[in-house]
Amino acid sequence: MLKIGITGGIGSGKTTVCKVFETLGIPVFYADTVAKEIMITDSVLVAGIKDTFGEESYFGDGSLNNKHIAAIVFNNVDELAKLNALVHPAVFRAFETWEKDIPSTVPYTLKEAALLFESGSYKMCDQNILVTSPMAVKLARVMQRDNVSEAQVLARMDKQFSDEQKMAMANYFIENTEQKSVIEQVLNLHQQFLNR
Ligand SMILES: CC(C)(COP(=O)(O)OP(=O)(O)OC[C@H]1O[C@@H](n2cnc3c(N)ncnc32)[C@H](O)[C@@H]1O)[C@@H](O)C(=O)NCCC(=O)NCCS
Ligand SMILES: Nc1ncnc2c1ncn2[C@@H]1O[C@H](COP(=O)(O)OP(=O)(O)OP(=O)(O)O)[C@@H](O)[C@H]1O
C-alpha cells in the first residue's frame, strides 16, 4: 500500500491539512500525538525520560510535564537529541504496528510528523508532502493556539530544518495561505495518489 509522509514547520497547518484527507477516508498516523501517548504509556520510555530529565518530568497522576521538558530541550540541542533518541525509535515501532491494522482496501495512508525529514522517517514513506506557510502566519498561529511567546516559537523553529531544506526533500507541496484553497490542493493530490 502506498505510504505518504506529510510534514511542515511548526504552525504550518499540517494537522489541519490531514483532517481534510481524513474526510476523504484516508487513515492518518499522527506521530506527534502518538509520541505524547507513548511517553505516558510505555514504561521503558517513561523510565528513560525520568532518568534523563528528572522525576519532575511527570506529574503525580502520571501525566507528562510538557513545560518542564520543553524548557530543557528547546534551550539545549544536546538535551533535545537525548529526548529524540528516546522517543523516535518508539514512534517508529508504533507506526509499524498501526500499519498492520489498515485494511487492504485503503488506497494509501498518511504519516504526519513534525520531524519527518529530521528523524529520517521519510525514508519509510514512498512519497512526501510538505505543507508551507509564511513565517509571520506560522508565528501568529502558534502563539495564539498554544498561548506562547514569539521567542518560544522561534526556539522550536530553530531546532527544525528550514523550509528550503525540506523543499529539496519533498515530492509534493501544499501552500496553506489565505490565497490558496487547501481543500482544492488536497483533492488534487488525492486524485494523483488514487491514480498511481
Ligand atoms: C517537548 C514536548 C514535551 C513539548 O510539549 P508541547 O505540548 O509544548 O508541544 P507539542 O508536543 O504539542 O509540539 C508542538 C510542536 O513543537 C515542535 N516539536 C515537538 N517536538 C519537537 C522536537 N523534538 N524537535 C523539534 N520540534 C519539536 C513540533 O512542531 C510540534 O508539532 C513535546 O513536544 C515532546 O514530547 N517532544 C518529543 C516528541 C517529538 O519529537 N515529537 C515530534 C516528532 S514525533
Ligand atoms: N488555513 C488556515 N486558516 C486558519 N487557521 C488555520 C489554517 N491552517 C491552520 N490554522 C490554525 O493554525 C494553527 C496551527 O495549525 P496546525 O495545528 O494544523 O499546525 P501544525 O503544522 O500541525 O503545527 P505543529 O507543528 O505545532 O503541530 C491551528 O490553531 C489551526 O487551527
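Author: Gladly; let's begin with strands. Two strands pair if DSSP finds at least two bridges between them. Strands themselves are DSSP runs of E with at least two residues, helices are runs of H or I with at least four, and both are numbered from the N terminus. This is a predicted model, in which local features need pLDDT of at least 70 and side-chain atom pairs count only at pLDDT 80 or more, while totals for chains, interfaces and linings use all residues. Residues are numbered from 1 along each chain as its sequence is written, and chains are lettered from A and ligands numbered from 1 in the order in which they are written.

Reader: How do you know that β1 and β4 pair?

Author: Five bridges join β1 to β4, and pairing asks for at least two, so they count as paired. The two strands run parallel. Ile4, for instance, stands opposite Gln127 in β4.

Reader: What makes β1 and β3 a pair?

Author: Again there are five bridges, between β1 (residues 2-8) and β3 (residues 108-112), in the parallel sense. Lys3 stands opposite Thr109, Ile4 has Leu110 as its bridge partner, and Ile6 has Glu112. β3 also pairs with β2 in the parallel sense, over three bridges; there, Val28 stands opposite Leu110.

Reader: In which order do the strands lie in the sheet?

Author: The open sheet has five strands in the order β2-β3-β1-β4-β5, with parallel pairing.

Reader: Why are β2 and β5 called edge strands?

Author: β2 (28-30) and β5 (172-175) each pair on one side only. From one strand to the next, the twist averages 20 degrees. Angles here run from 0 to 180 degrees between N-to-C directions, along axes that are lines fitted to C-alpha atoms (for helices, over the stretch in contact).

Reader: What does helix α9 touch, and how is its direction set relative to β5?

Author: Helix α9 (residues 182-194) packs on the sheet and touches β1, β3, β4 (127-132) and β5. Its direction makes about 165 degrees with that of β5. Contact between two residues means that their C-beta atoms, placed from the backbone, lie within 7 Å.

Reader: Why is β1 described as largely enclosed?

Author: Five of its seven residues are buried, so β1 is largely enclosed by the rest of the structure. A residue is buried if 20 or more other C-beta atoms lie within 10 Å of its own, exposed if 12 or fewer, and partly exposed in between, with C-beta atoms placed from the backbone. β3 is mostly covered too, with four of its five residues buried.

Reader: What makes the phi of Asn147 worth a remark?

Author: Its phi is near 55 degrees, a positive value in a residue other than glycine. Most residues other than glycine have a negative phi.

Reader: And why is Ala140 called partly exposed?

Author: Ala140, in helix α6, has 15 other C-beta atoms within 10 Å. That count falls between the limits of 12 and 20, so Ala140 is partly exposed.

Reader: How many residues surround ligand 1, and what makes a residue count as near?

Author: A residue is near a molecule if its C-beta atom, placed from the backbone, lies within 6 Å of it. For ligand 1 there are 21 such residues, and the closest are Ile10, Ala35, Asn66, Ala70 and Ala114. By class, 14 are nonpolar, three polar and four charged. Nonpolar means Ala, Val, Leu, Ile, Met, Phe, Trp, Tyr, Cys and Pro, charged means Asp, Glu, Lys and Arg, and the others, Gly among them, count as polar.

Reader: Which residues come nearest to ligand 2?

Author: Gly13, Thr15, Thr16, Arg141 and Arg145, out of 15 around it. Helices α1 (14-23) and α6 (135-146) give two or more residues each to that shell, which has four nonpolar, seven polar and four charged residues.
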